[in-house]
Amino acid sequence: MANQPDVVMAQSILDYRFQDIDWLREALQAPGSNVAIRGTVMPDGNKRLALLGNGVLRMMILGAWYTSDENRQGSAQRLEAFNSGRLAEIARQSNIEICIAINPSQRGQITPPALLTDTLAASLGAVWKDSGYDVAVTNRVASYLG
């Protein structure tokens with residue numbers, strides 16, 4: 001039996017209650033975890049949702065920059081502040097890694113930073129989708145995480 005993500009704990013970590021829990025289940029899937037979402041096994045795990053989440057995060061960062069009085073360099077600095085290393089650090093600090101349905105071949109190993117980054121981004125993408133594309137709700141979750 002494939003391991004299942006801990007969606008109850010993840011909702012607590014994100015401080016967000018999902019209407020459609022399958023968005024969160026997808027966000028917590030490592031590639032190769034072989035858990036079915038909506039009746040379909042997703043071999044790429046949370047990768048697609050992570051790409052979406054990265055776009056949403058970028059939009060939120062640039063949106064905050066746009067309303068500030070910073071010059072264009074400020075936008076690059078803001079984006080750099082949320083590089084993949086920082087996202088992995090936020091993910092590790094939040095303990096979301098214990099909620100991830102990992103690839104069975106990775107059991108007992110340290111969670112790779114790329115998986116942490118993808119899971120955090122996918123979680124933001126899941127919140128965005130679940131909230132009806134509400135940037136304010138997604139921004140609140142992102143702010144809550146750090």
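Is Asp-20 buried, partly exposed or exposed? Asp-20 is partly exposed, with a relative accessible area of 29% (buried means under 20%, exposed over 50% and partly exposed in between, using a 1.4 Å probe and protein chains only). The close-ups below come from a predicted model, in which local features need pLDDT of at least 70, side-chain atom pairs count only at pLDDT 80 or more, and totals for chains, interfaces and linings use all residues. Residues are numbered from 1 along each chain as its sequence is written, and side-chain values use heavy atoms, with hydrogens and water left out.

**View 1. Asp-20 forms a salt bridge with Arg-38.** Here the closest N and O atoms are 3.4 Å apart (a salt bridge is a side-chain nitrogen of Lys or Arg within 4 Å of a carboxyl oxygen of Asp or Glu). Asp-20 lies in the loop between helix 1 and helix 2, and Arg-38 in the loop between strand 1 (36-37) and strand 2 (40-41), so the pair ties together parts that are 18 residues apart in sequence. Helices (H or I, at least four residues) and strands (E, at least two) are DSSP runs, numbered from the N terminus. Arg-38 counts as partly exposed, at 44% relative accessibility.

**View 2. Asp-22 and Arg-25 form a salt bridge within helix 2.** The two residues are three apart, about one turn of the helix, and their closest N and O atoms are 3.2 Å apart. Asp-22 counts as buried at 19% relative accessibility, whereas Arg-25 is partly exposed at 26%.

**View 3. Arg-140 forms a salt bridge with Asp-15.** Their closest N and O atoms are 3.2 Å apart. This pair links distant parts of the chain: Arg-140 sits in helix 7 (residues 135-145) and Asp-15 in the loop between helix 1 (7-14) and helix 2 (21-27), 125 residues apart. Arg-140 is partly exposed, with a relative accessible area of 38%, and Asp-15 is partly exposed as well, at 36%.

**View 4. Helix 5 (residues 84-94) packs against helix 6 (residues 113-130).** The angle is about 80 degrees and the axes are 8 Å apart (axes are lines fitted to C-alpha atoms, for helices over the stretch in contact, and angles run from 0 to 180 degrees between N-to-C directions). That makes helix 5 roughly perpendicular to helix 6, a term for angles of 65 to 115 degrees. Among the residues that meet are Leu-87 and Ile-90 in helix 5 and Leu-116 and Leu-120 in helix 6; contact means heavy atoms within 4.5 Å.

Notes
Parallel < 35°, antiparallel > 145°, perpendicular 65-115°, else oblique.
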